[in-house]
Amino acid sequence: MTSGIASRLMWSAYTLAHAAMESRIPWEDPDSLVRRQNRRLRRIIGFAWERVPFYRDAMEKRGLRPDDFRTAADLHLLPLIDGHVYGGNPHLFQPTGAGRGAGLTLQSSGTSGRTKHLRHDSRSLYLALAHGHRQRRVLAQFTGRVTGYRELNLVRDGSVASQIRSFYEQHLWTPRRADLTRAFLTPGELPLEAEINRINEFRPDVLMGYGSYLGALFRAAQQRGLEIRPPKAIVYGADAMPALDRAYLESGLGIPVLSTYQSTEALRIGFQCERRAGLHLSIDAVAVRIAGPEGRTAGPGEAGDVIISNLTNHATVLLNYRIGDVAVNAAGPCPCGRTLPVIGSLEGRCDDIIHLADGRSLHALQVMRRLRSASGVERLQVVQFGHGRYSIRAAGDAPNGRQAATSALVAELSALTGCRPSVTVDWVEALPAGANGKTRLVISELRK
Ligand SMILES: [Zn+2]
């Protein structure tokens, strides 16, 4: 559904007005940033009390009133929730009554289970777009411009990023000169050479994608003697980039690599600045706490669970929510001068990744492309039981026979992992599906 012209113009003006403030907000004095956060916090707490059943009930049971919440430090008075609590009763986190307006229900096919549905109201989506200018201004130091550069997104078709992008295209009117030239390409779908040709034809200034995939892509190109036209910057999110890959891209190829921290629950949580050390947190939109052992807030340099509270989305209210990521608290402020606080690093999730004993990791898409191409078998699933211990499940036809395919799969996985793994290949009628009916490409039973 597309919006009428009046609505498009109104929301475009709203977004541009907020984006215009982005040259200032990241450097604002810390007290005024905290005041911004507190204003949004009090607004959403009041709304949750009035309209959101889960929070009304939780606050009543604890004898709490909206006035008890003055700063983000008070959010821990609410119950600690996570994806299971939300997924069990999503309607309890949505407001009662009318007035939710347009907006977008994001669908994320979590690799670990069922599909997650999460509704965002229009205003929070436009604010996230405006907050994206925090990162665009960082990228401008590499691309030379805030608008008009070419951005290629190597993300799965139907990914959260592409759902949000099509919402903006249907509901906003962005003047050509204020926008980027964007394209989307599903990673690992085409043979390597064809994928690289598509990238080179598009000539991206900025290449965006999964941390675990992008480094692997450039390495694979190098091994095959193929050249990827170097972008001016690489931006990754969704999962961590192995340190070796980052070093190869930055030192070996001279491409600056920056990361972002985004999630279906809170959209833009943080971004990396030109110093490329920690991640600056957008605390005016999302309150973030790193909870160390026994739930207390982690000290400098300490790792812990990331707990977020989305302060802008009134269509699904999630406060004091354990997002499932592990991060290290920063040791101090970032030398770039931005006052938005930093977390030291994000350790990421383990989904969809094979972790190797030498510290490298392989993305499922990269593994699949190589195994499919070597064996001619399309339907495959790799299970990692431990370092050097794998099982491959294969289903369907093998053009050169199952015996040849089995040998090819074992040889290719050995080449990929760079060791002599123990691999068993099981031919099955159908690949087992997860709870959501989807079949995962890679299952790692190994914890990092
Ligand atoms: Zn910085």
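Gln381 has its bridge partner, Arg393, in strand 18. Helices (H or I, at least four residues) and strands (E, at least two) are DSSP runs, numbered from the N terminus. The model is a predicted one: local features need pLDDT of at least 70, side-chain atom pairs count only at pLDDT 80 or more, and totals for chains, interfaces and linings use all residues. Residue numbers start from 1 along each chain as its sequence is written.

Strand 17 (residues 379-386) and strand 18 (residues 389-395) run antiparallel, joined by 7 bridges. Two strands pair if DSSP finds at least two bridges between them. Helix 11 (residues 402-417) packs on the sheet and touches strand 18 and strand 19. Contact here means that C-beta atoms of two residues, placed from the backbone, lie within 7 Å.

The sheet itself is open, with 4 strands in the order 19-18-17-20 and mixed pairing. Strand 19 (422-428) and strand 20 (442-444) are the edge strands, each pairing on one side only.

Now turn to strand 6. All 5 of the 5 residues of strand 6 (residues 206-210) are buried, so this strand is largely enclosed by the rest of the structure. A residue is buried if 20 or more other C-beta atoms, placed from the backbone, lie within 10 Å of its own.

Strand 4 (residues 150-154) runs parallel to strand 6, with 4 bridges joining them. Leu152 has Leu207 of strand 6 as its bridge partner. Strand 7 (residues 233-237) also runs parallel to strand 6, through 5 bridges. There, Met208 is partnered by Val235 in strand 7.

Key:
Axes fitted to C-alpha atoms, helices over the stretch in contact; angles between N-to-C directions. Buried ≥ 20, exposed ≤ 12 C-beta atoms within 10 Å, placed from the backbone.
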